[in-house]
Amino acid sequence: MDGHDVVAETRAYYDEFSHRYDAQRGPNRPGGYHALVDDLEVDLVARYGGGGAVLECGAGTGLLLERIATFARSAKGIDLSPGMLSKALSRGLDVREASVTAIPFADDSFDVVCAFKVLAHVSDIGRALSEMARVTRPAGVVIAEFYNPISLRGLLKRFGPSGHISAQTKESAVYTRFDPPWVIPRLLPPSLSLETARGVRIVTPTAALMDIPGIRRLRRSLERRLADTPAAYFGGFYVAVLRKSSTGAPGRRTESDGVYTAPR
């Protein structure tokens, strides 16, 4: 499957998913599994992007971007899916249709560029990370979330049944990659370096565990306590905080060890 096929299938998948995407998220399910994940992700953006210009790549229906807009000086988003974007636009958010591999903003435009549950669906990961770096200002931060195969969630996804987004479509219908933490430094363009990482879903392999009475509060507490510890290495979502060099010097297109990093 080439890059164009991946993009088309991903767009179609999320256009279909957009009709029920918010059903278990945001104000529709406070305190649930997605609320926990969203809190851990948004908190990390706030740590680096408070008062700054933030771009969310893969903004979806705008649930995270809406929260980011409350603490950022400016908050913009891009997404492949017109269906998802229609929901974000209804929230009054500044979003446009675009791919993370071709971000429609000038060099050095943002203090923080983030992507959650997006890079896992991008085949040309080097291009995506290079584009995120390009539009980040020197000394700014790229927050990039990866699906982690050495996690409880990763094992469940590998050996368990594929979930459904509708009666007709399973999660397996969309391209999905898993990148272990030790590979991530090799994926980065030369202008980015790993500063730290946060683990999300370290002790929560499946969302259903958050529905068990008496377990929800304990898991929320454990996830928060472990998120910024060495246990992050085993998070189902491994969120890398990447610092752009202060000179902002772009790298060259290089190919080494089978990993392709290609800034524009």
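Author: We can begin with Y233, which is partly exposed, at a relative accessible area of 30%, where partly exposed lies between buried (under 20%) and exposed (over 50%), with a 1.4 Å probe and protein chains only. The model is predicted, so that local features need pLDDT of at least 70 and side-chain atom pairs pLDDT 80 or more, while totals for chains, interfaces and linings use all residues. Residues are numbered from 1 along each chain as its sequence is written, and side-chain values use heavy atoms, without hydrogens and water.

Reader: In which loop is Y233 found?

Author: Helices (H or I, at least four residues) and strands (E, at least two) are DSSP runs numbered from the N terminus. In these terms, Y233 is found in the loop between α8 (216–226) and β7 (237–244).

Reader: How many bridges join β1 to β2, and which residue stands opposite V54?

Author: Strands pair if DSSP finds at least two bridges between them. Strand β1 (residues 53–57) and strand β2 (residues 74–79) run parallel, and the bridges that join them number 5. In β2, the residue opposite V54 is A75.

Reader: Which helix makes a β-α-β unit with β2 and β3?

Author: Strand β3 (residues 94–97) runs parallel to β2, to which 4 bridges join it. The unit is right-handed, meaning that, with the strands pointing away from the viewer, the path from the first strand over the helix to the second runs clockwise. Between β2 and β3 in this unit, the helix is α4 (residues 82–90).
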